[in-house]
Amino acid sequence: MPIRYIPYDKVPVKGQAILGNITRSQRLLSYKGNNKVHERILRGIPYYELKELEQVGEESENIVIRGECLSACAYLKEQGIKIDLVYIDPPFASGADYAKKVYIRKNPKLADNLKKVEEKMEMEELVAFEEKMYGDIWSKEDYLNWMYENLMAIKEVMSDTASIYVHLDWHIGHYVKILMDEVFGEENFRNEITWRREVARGMKTHSEFYSKNADSIFIYTKQHNAIWNGSKTKKLYSKEEAKANFYEDEQGFYSTSHIGTYTNESLREFYKQNRLHTTKGGKIFIDEDGVVKTTKGTIRLKYYLEQENGHYFKMSSVDNIWEDIRGIAMAGESERVDYATQKPEALLERIIKASSNEGMVVADLFGGSGVTAKVANDLGRRFVHCDIGINSIQTVRDRLKEAGADFKILEVQDGLNLFRNPIQTMDKLATLIDGLNTQKPEGISSFWFGTIVNSKYGTMPVYIPDLRDSTKKVLDIVAINEIVNKEIYNFDNFNGEIKKVIVYYVDIVDVVEIKKFIKENNQTLIEIELRDLKQVLDFVVVDDRVDFTLNENGVLYEVEIDSFYSDRLKQKIDEYNSKQALKAKANYISISEDGLELIEYLSLDCTNVSGVWQSDSEIKIDKNGFVSIDSTKTKEFWNGRISANRKPKRLKIRNIAGDEMIEDILD
């Protein structure tokens with residue numbers, strides 16, 4: 001259970017358009033056959049303890065949190081931390097599964113036989129399979145309830161001069177816009193940015209409709225006096241465009257003109273620089289009193305175009321149609337981190353510069369690839385990065401360390417022993433619960449996760465809370481009431497064949513109270529059994545195995561990895577190979593006996609024997625097999641070892657799918 005619920009200080013601002021089909025954080029308790037609302041429950045923000053996992057660099061106020069947005073906001077509010085700019089890129093309710101491509105590394109035991117080339121390998125030479133990162137599959141009502149609670153929590157930790165940018169697309173953006181009107185107030189809506197992600201050339205156009213090539217970014221402020229620095233961008237022109245659209249002088253320079261208010265002193269200076277012209281070809285002169293005048297027309301000031309990489313450009317104010325920032329596919333190789341939902345740094349640079357100042361706190365509470373934190377750090381801002389997925393935390397950790405940032409990594413202690421992310425945890429639960437079949441018989445709704453067939457009870461529907469949605473984790477009176485007074489009545493058409501349902505929970509308000517409620521309100525013959533999901537979740541995360549040898553080599557301590565084994569990856573590779581066997585041209589993945597090609601990252605802690613991790617030496621192997629040593633990239637292949645100048649106390653290994661293990665190094 002949470003330590004406590006932190007109440008929302010303010011009720012939402014009522015906008016003109018209210019979505020009536022979502023319950024928001026005020027959840028209703030009603031009964032079958034009775035339209036009267038008996039009780040209204042307002043939870044607030046659940047506050048859990050946070051455990052510090054690692055300190056990277058020096059002590060600082062920068063934070064990376066593994067956990068949900070709500071839990072992060074509760075922590076920030078409890079600590080009195082105010083956010084000056086929020087950018088979030090939450091799930092789009094698109095119905096899509098997002099996958100991470102997992103690349104098999106080169107085996108370091110064969111390193112001496114590998115040709116060390118400067119250029120990267122061709123992509124077809126890389127052996128890879130895919131791992132699901134998360135499933136963006138929601139019902140509209142569930143998504144909007146979830147998003148409403150997040151927006152309310154985010155508003156609680158925003159400073160009075162803060163802005164929030166919410167990045168969505170056509171799937172759900174217009175509904176969230178209505179929620180934001182309600183939470184922040186219509187008068188605090190500032191703009192809707194339309195970001196055209198890619199150049200249209202070569203895009204396929206559907207026969208009946210137009211191609212979808214834009215996202216929406218909604219901008220709201222906490223109050224009217226928000227930070228706003230304005231925004232300008234470079235408008236590029238070829239020489240032909242410059243010649244057609246601007247003035248060309250004798251030296252071949254191109255200029256545009258501007259009418260403005262200038263002092264006579266500045267006009268005299270511009271006159272000396274030959275930067276004045278008239279609209280009607282009159283002569284410009286300075287009279288005996290030193291006043292700049294013209295014989296005909298209006299005096300205008302020339303703004304010369306500057307040159308960059310063979311193009312001419314001038315600075316222009318940015319409007320709400322952004323076509324000059326390409327998607328991540330067009331970004332440089334050094335920027336891409338192979339993260340499915342990654343956004344380009346230029347996008348966040350524009351937002352952060354416009355709506356924050358140096359030293360302010362910038363937060364991304366659905367942090368993904370960590371682009372917000374990285375750009376905020378580059379621009380001299382403090383940052384808060386939050387995400388529920390371990391791959392996000394690892395990606396941003398490595399990215400920020402390479403950028404020289406100082407930060408600490410915290411993990412929300414909410415009782416969930418999650419796998420890499422909630423969707424993979426849900427998938428693993430299907431294999432860990434004895435007899436569970438997720439292929440439900442006809443008539444069993446999506447409310448139920450699956451069924452278990454028992455000789456005594458027959459078919460038993462099984463409910464498992466959606467681990468993506470924090471509102472589903474606590475089994476309280478409202479949650480059990482939905483089952484007692486709604487869902488089990490849907491089994492009337494089974495003619496008494498369903499005798500029992502199983503309800504799993506992560507947290508429960510009071511077991512005695514819940515069982516009493518079931519006894520008093522269950523008017524059917526169907527038995528309701530409660531089970532603690534945490535007992536199953538304890539088996540979700542199982543460490544890989546490693547054998548290693550510690551050697552002293554002069555002044556260095558060297559850990560040599562003898563073998564590495566991951567049962568999870570073996571199962572995934574076997575699954576991949578079995579699918580390949582059905583193809584005419586199979587491309588099998590083979591792993592050596594020592595398994596070292598399954599390792600992505602190693603770290604040695606020479607400081608602490610337990611608790612917060614201190615990375616005193618680390619190696620990361622990229623998909624091409626090249627290593628970064630303490631965040632410095634090289635063109636060398638890994639040799640199967642990692643060294644430090646002090647005796648290591650612990651070894652951390654991350655496999656290519658993102659699972660991490662820690663081994664003590666004994667004397």
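Asp-507 is buried, with a relative accessibility of 5% (buried is under 20% relative accessible area, exposed over 50% and partly exposed in between, with a 1.4 Å probe and protein chains only). The structure is a predicted model, in which local features need pLDDT of at least 70 and side-chain atom pairs count only at pLDDT 80 or more, whereas totals for chains, interfaces and linings use all residues. Residues are numbered from 1 along each chain as its sequence is written, and side-chain values use heavy atoms, with hydrogens and water left out.

Asp-507 and Lys-534 meet through their side chains in a salt bridge (3.9 Å, N to O), defined as a side-chain nitrogen of Lys or Arg within 4 Å of a carboxyl oxygen of Asp or Glu. Because Lys-534 lies in helix α12 (residues 534-537) and Asp-507 in strand β31 (residues 507-508), the pair ties together parts that are 27 residues apart in sequence. Helices (H or I, at least four residues) and strands (E, at least two) are DSSP runs, numbered from the N terminus. Lys-534 is partly exposed, at 22% relative accessible area.

A salt bridge also joins the side chains of Glu-560 and Arg-641 (3.9 Å, N to O). This pair links distant parts of the chain, with Glu-560 in strand β34 (residues 556-565) and Arg-641 in strand β39 (residues 641-644), 81 residues apart. In the salt bridge of Lys-570 with Asp-574, the closest N and O atoms are 2.9 Å apart. These two residues are 4 residues apart in helix α13 (residues 567-580), so about one helical turn separates Lys-570 from Asp-574.
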